[in-house]
Amino acid sequence: MKVLEIREIEIDKIMVPDWARRTVISEAELDDLKNSIREHGQIGPIVVRPRSDGRYELVSGSRRLEVLKRLGRTEVEAKVIECTDEEAIVLSIEENLKRSEEHPFDVARKVAHMHEVLGMKVEEIARELRKSKSWVSKHLSIHAMPKEVKEVLGQRVKDLERLYLLSTINDPLKQSMASRLVAEYGLDKKEVEELVEKARSMDLKEFGSFCDAFGSELRRRSEESLKS
């Protein structure tokens with residue numbers, strides 16, 4: 001990777017590749033960032049790389065770019081780098097993990113791109129990102145979850161471990177039932193582990209009945225908690 005320059009770039013000339021698009025984003029966090037940029041200005045340049053058509057491809061800084069667009073800005077301070085596809089994704093993941101600002105589903109999409117599109121093995125991805133093979137495998141597992149399940153979990157469950165546990169439920173219907181309970185009631189890791197064990201040991205009808213009863217019990221506890 002080579003840094004070419006830091007300069008102001010017209011926002012309209014910056015393209016966001018599919019692997020860099022956010023699918024899970026908090027409007028509250030965007031509002032906080034918008035207020036910060038409005039008051040203090042852009043803190044730190046986004047990172048882009050030049051394209052052959054004279055435009056630029058975003059590598060890191062999607063939230064700042066989105067907020068600047070919403071603020072009606074026409075230019076953004078950007079660090080222009082020269083890098084390979086692999087280096088671009090690695091840099092994007094590393095920058096977002098430093099700030100803990102990206103949802104595991106979006107990190108997983110980048111990891112899956114390295115595996116499925118760039119053809120990298122789990123061991124190679126782990127080495128490039130300086131992560132364990134288990135970390136990579138867990139992200140690949142949650143990436144494979146159905147879109148509908150991701151939509152249920154996206155804004156409410158943001159830790160890798162609970163998402164991974166749910167991804168190990170092989171039956172998509174059971175996975176959906178369990179995910180709705182976890183999202184609605186914020187079950188902790190131990191409770192999710194127990195729920196996953198129930199999903200594995202019961203047939204679909206039994207698990208559906210269990211989820212209905214468990215949901216009723218959780219609602220009762222919640223109502224009692226509010227009264228006390």
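Where is the place of Arg22?

Guide: Arg22 sits in the loop between β2 and α1 (27-40); helices (H or I, at least four residues) and strands (E, at least two) are DSSP runs, numbered from the N terminus. The model is predicted, so local features need pLDDT of at least 70 and side-chain atom pairs count only at pLDDT 80 or more, while totals for chains, interfaces and linings use all residues. Residues are numbered from 1 along each chain as its sequence is written, and side-chain values use heavy atoms, with hydrogens and water left out.

With a relative accessible area of 16%, Arg22 is buried; buried means under 20% relative accessible area, exposed over 50%, and partly exposed in between (1.4 Å probe, protein chains only). Leaving aside neighbours within four places in sequence, Arg22 is in contact (heavy atoms within 4.5 Å) with Ser62, Arg63, Asn96, Glu101, Glu102, Asp106 and Arg109. Val3 is 19 residues from Arg22 along the chain, and their C-alpha atoms are separated by 25 Å.

Next, the sheet. Its 5 strands form an open sheet in the order β1-β5-β3-β4-β2, with mixed pairing; two strands pair if DSSP finds at least two bridges between them. β1 (2-10) and β2 (14-15) are the edge strands, each with a single partner, so one side of each has no neighbour in the sheet. β2 runs parallel to β4 (residues 56-60), and 2 bridges join them. Within that pairing, Ile14 has Tyr56 of β4 as its bridge partner.

Helix α2 (residues 62-70) packs on the sheet and touches β2, β3 (46-50), β4 and β5 (75-82). The direction of α2 makes about 120° with that of β4; axes are lines fitted to C-alpha atoms, for helices over the stretch in contact, and angles run from 0 to 180 degrees between N-to-C directions. Helix α3 lies across β3, β4 and β5, at about 40° to β4.

In α5 (residues 122-129), the buried residues are Val122, Ile125, Ala126 and Leu129. Seen down the axis of α5, they fall within an arc of 100°, so they line one face of the helix; the arc is that of the directions from the helix axis to the C-beta atoms. Their cover includes α3 (85-99), α4 and α6 (133-143). Just after α5, Arg130 takes a positive phi of about 60°.

Helix α8 (residues 160-167) is mostly covered, with 6 of its 8 residues buried: Leu160, Arg162, Leu163, Leu165, Leu166 and Ser167. Among the elements covering them are α4, α6, α7 (147-153), α9 (172-185) and α10 (189-201).

For the protein chain as a whole, the secondary structure comes to 11 helices and 5 strands, and 44% of the 228 residues count as buried.
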